[in-house]
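Here is a friendly walk through the charged and aromatic side-chain contacts of one protein. Keep the structure open as you read.

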Amino acid sequence: MKTHNFAAIALTTALLAGSGLAQEAASVAPSPPAPPPTAPRAPPPPMTITQVKPNLYFIVGGGGNSELLTTANGALLVDTKNLNDKDYGDLMTLISSVTDKPVKVVIDTHHHADHTGNNEKFIAAGTKVIGQETMPKILENYTTRLAPHTPAAPTTLYSKFMRVRLGKHTDARLYHFGPGHTGADTLVYFGNQKAIAFGDLLVMDPTVPNYDAGNGGGSLLGLQHALAESLKLRWDVAFPGHGGKTFTRDEVKAYKTKIDTLITRIKAAIDAGTPKEELIASLNTADLGWKIGGQFWAPPERVDALVAELSGK
Ligand SMILES: [Zn+2]
């Protein structure tokens, strides 16, 4: 029985990872059904690197998106992709195709293993890995199907704001606006390039918004707040945590408007007395381009968290 479940989970995880849409699911999500034995297993698309602004690159594939800032004094990398040698090797090959300097600093946008998987390899190489101060505590209780073991915690922590310098012309600022996608989210603002990396606070449709409640410490209202705060900064390009394209400022505004609408509808359903068990299925979100449900929305502890934070507001 256990062997059967493991095989199904392993294959499904591999397929999700290959699709580039593998965000962290709740640890108690029901096991997905086994695919038919003859199902073709498409290889994941190759990891790619694209220059978006001067010295700023977008790296898609191999888990969550990464961003790379190159300087004469070394590079700054946002997120380290899935924990495996193949994705780490591909990442390093792409990085070395645009800079001959080492990665001096890694920023973790949050603890999920598709974003922090190769932290340990960077730490072993002497790279400083920076994350929000709640991350180690969240990682202590973190189990995941996305990685063979829990990713390494950051080596340097900050609370709400940190400026990272790699020489006088580098301006990377880390912001934590409170719990959102997780309890330890970091947005990375590139002041010189007028660009911002959201981690999984921003994901590309049709991937649904994902707040990791419970041990992950996420909050849907917090996600809304973080989007609002991000729009107070000056930038014109935004990097989503998943999805192969950057967002314009107007696209992020539109995304926040959809989150606002979703929250309004959930509150209305709760106020109308919709039973907890029927709440998620009762939401009509087709017009928003999202199929709300599944592993990110249906687990009971997430519904409990949603009702707790949206009741009576
Ligand atoms: Zn995530």
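Which residue lies over the face of W235? R249 does, at 4.8 Å from the ring centre; a charge sits over a ring if NZ of Lys or CZ of Arg is within 6 Å of the ring centre and within 35 degrees of the ring normal.

Before going further, a word on the ground rules. This is a predicted model, in which local features need pLDDT of at least 70 and side-chain atom pairs count only at pLDDT 80 or more, while totals for chains, interfaces and linings use all residues. Residues are numbered from 1 along each chain as its sequence is written, and side-chain values use heavy atoms, with hydrogens and water left out.

## Aromatic contacts

W235 also has an aromatic partner: with F198 it forms an edge-to-face pair, 6.0 Å centre to centre and with 80° between the planes. Rings of Phe, Tyr and Trp (its six-membered ring) pair if their centres lie within 6.5 Å, and planes under 30 degrees apart count as stacked, over 60 as edge-to-face and the rest as tilted. Helices (H or I, at least four residues) and strands (E, at least two) are DSSP runs, numbered from the N terminus.

Y175 and F177 give a stacked pair, with 5.5 Å centre to centre and 20° between the planes. Y175 is buried at 13% relative accessible area, and F177 is buried at 17%. Elsewhere, F58, F190 and F239 form one aromatic cluster. In total, the count comes to 9 aromatic pairs.

## Salt bridges

Side chains of opposite charge can pair when their charged atoms come close. How many salt bridges does a search of the whole structure find? The search finds 13, a salt bridge being a side-chain nitrogen of Lys or Arg within 4 Å of a carboxyl oxygen of Asp or Glu. The table lists some of them.

| Salt bridge | N to O distance |
|---|---|
| D90 and K86 | 2.5 Å |
| K256 and D260 | 2.9 Å |
| D287 and R265 | 2.8 Å |

D90 and K86 both lie in helix α2 (residues 85–96), 4 residues apart, about one turn of the helix. D90 is partly exposed at 23% relative accessible area, whereas K86 is exposed at 55%.

K256 and D260 are likewise separated by about one helical turn, because they are 4 residues apart in helix α7 (residues 249–271). K256 is buried, with a relative accessible area of 17%, while D260 is partly exposed at 22%.

D287 forms its salt bridge with R265. This pair links distant parts of the chain, 22 residues apart, with D287 in the loop between α8 (276–282) and α9 (294–297) and R265 in helix α7. D287 counts as exposed at 54%, and R265 is partly exposed at 28%.

Finally, salt bridges that share partners join R163, D171 and R173 into one network.

Definitions and conventions
Buried means under 20% relative accessible area, exposed over 50%, partly exposed in between (1.4 Å probe, protein chains only).
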